[in-house]
Amino acid sequence: MSSSVHPVDEKLPLGKVTTLGLQHVLVMYAGAVAVPLIVGRALNLAPEQVAHLISADLFVCGLVTLIQAMGATQWFGIKLPVMMGVTFASVAPMISMAQSTGGQAGAGLIFGSVIGAGIISLLIAPLISRMLRFFPPVVTGTIIAVIGISLMRVGINWIFGNPVGPTAPSVPNPEHLKWLADAQANAGAPGSSLPPIPKGFAVVPTIPNPKYADLAGVGISGAVLVTILLIARFGKGFLANVSVLAGIVVGGIITAAMGLMDFNKVAKAEWFDLVLPFEIATPVFDPILILTMSLVMVVVMIESVGMFLALSDMTGKEVSQDDLTRGLRTDGLGTLLGGIFNTFPYTSFSQNVGLVAVTGVKSRWVCVAGGVILIILGILPKMAALIESLPTVVLGGAGLVMFGMVAATGIRILSNVDFQKNRNNAMIVAVSIGVGMIPLVAPNFRQWMPHAIHPLIESGILLASLSAVLLNIFFNGTSADTSAAVRAAAQADAH
């Protein structure tokens, strides 16, 4: 190899670059497929539609990775070893949208907000580095901690069932449903009379759901969690990096052995299918939802700056202000493409940044190979159908780890905040986390407020973000020294 070629631009042999690219894909795979599973099921989409979400997500992951690692025109791509994937920061607001409006109508609102946020991200990319002063560690750490705490509810619901509010769901009394069926049958018969009405008759849910917190499901989630912990404790190198994926595989094997997995959808799925725009829903553009998603993207892009600067240090390749802008602009382009292909917001995956440090392989062409592999996986519907077939209890054990690590990342960032000399920082964190918990603990708090602002205030992440930014300005002002914010962003592992 010529000494004039930087290690970042080094082209490795095909076999080696493919193997290393596959390793990058395996490290990010669990996180990449989790988001479409979470959002698709929150929207109550059909299994085939959820499987399509997974395929489209993998396809766009690969496409945007190619743009970021290879570069596209002078406007896009930082040309560093970066893998792109769906940011977990966007999950909580999307679940909130899904809970307000389900089905394809809710999907349209989500995709409209993603497209709008992508366009805004494209426009503000050059300004993001100048906004670092508004996002010191006390702000970013608080926001990421609230994101993780908000997502924990999803993982817990995967384990036990789908509760309504703070309690387990109820189901209609089977005896009352039988009486109603008998009454309907007798109503059409001449001379028939209705049976006596049961005491306390009601066809609304009134008795505990017997399937809630089923011990077999809890046991499977526990097995997945224990597997992840054992691999994380005793696994070495690459195996330790894919502990979550390994735990999901073990859970899938257990559920298949117990006869709890249905492979009919896998058998019916096509071997090959193209991913096309707007296959699930036509986007609907709601200004408040676009604002919500755009604010999330601002936080995500602040983190991306840290990722890029960390990669610059790891690889020894200096990045300029224009390079950062091209990288951030690709975040926006990826998010725009995500909405068009009916998927979600995209950003650099920090676990893959860590893999660069672990392996010492600096070539961006490894990530290009990973992007090609992701595109291939995205056009194989059988793979997506297999993932969709996983029972939620399998994902529950992994969800505790994935979402808990998001919260732990926020705590790690906050550990670098000075709470002794500046006690106002504790006030910022305390109030902002409390404000962020309001929609989680008291989801009906907005019932007497104007309906137009409901989408804005039902996101705990958005409320916590606004609170943290405004309180930090109130107590600490804004500092021109952005080094602390960059260090905090570089630690972020919230994807």
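**Surface and cavity**

Trainee: Why does L466 count as partly exposed?

Mentor: L466 has 37% relative accessibility. Buried means under 20% relative accessible area, exposed over 50%, and partly exposed in between (1.4 Å probe, protein chains only). So L466 counts as partly exposed.

Trainee: What kind of model is this?

Mentor: It is a predicted model: local features need pLDDT of at least 70, side-chain atom pairs count only at pLDDT 80 or more, and totals for chains, interfaces and linings use all residues. Residues are numbered from 1 along each chain as its sequence is written, and side-chain values use heavy atoms, without hydrogens and water.

Trainee: Why is I115 called buried?

Mentor: Its relative accessible area is 8%. Buried means under 20%, so I115 is buried. The C-alpha atoms of I115 and P283 are separated by 8.1 Å, though the two are 168 residues apart along the chain.

Trainee: How many cavities of 30 Å³ or more does a search of the whole structure find?

Mentor: Two. A cavity is a set of points on a 1 Å grid over the protein atoms alone, where a 1.4 Å probe fits but cannot get out.

Trainee: What lines the largest cavity?

Mentor: Its lining residues (an atom within 4 Å of a point) include I143, T292 and S465. α11 gives the most, with four residues.

Definitions and conventions:
1 Å grid on protein atoms, 1.4 Å probe; cavity = no way out; pocket = protein on both sides within 12 Å on 5 of 7 lines; lining within 4 Å. Points joined across faces, edges and corners; volume = space filled by probe spheres on them. Helix = DSSP H or I, 4+ residues; strand = E, 2+ residues; numbered from the N terminus.
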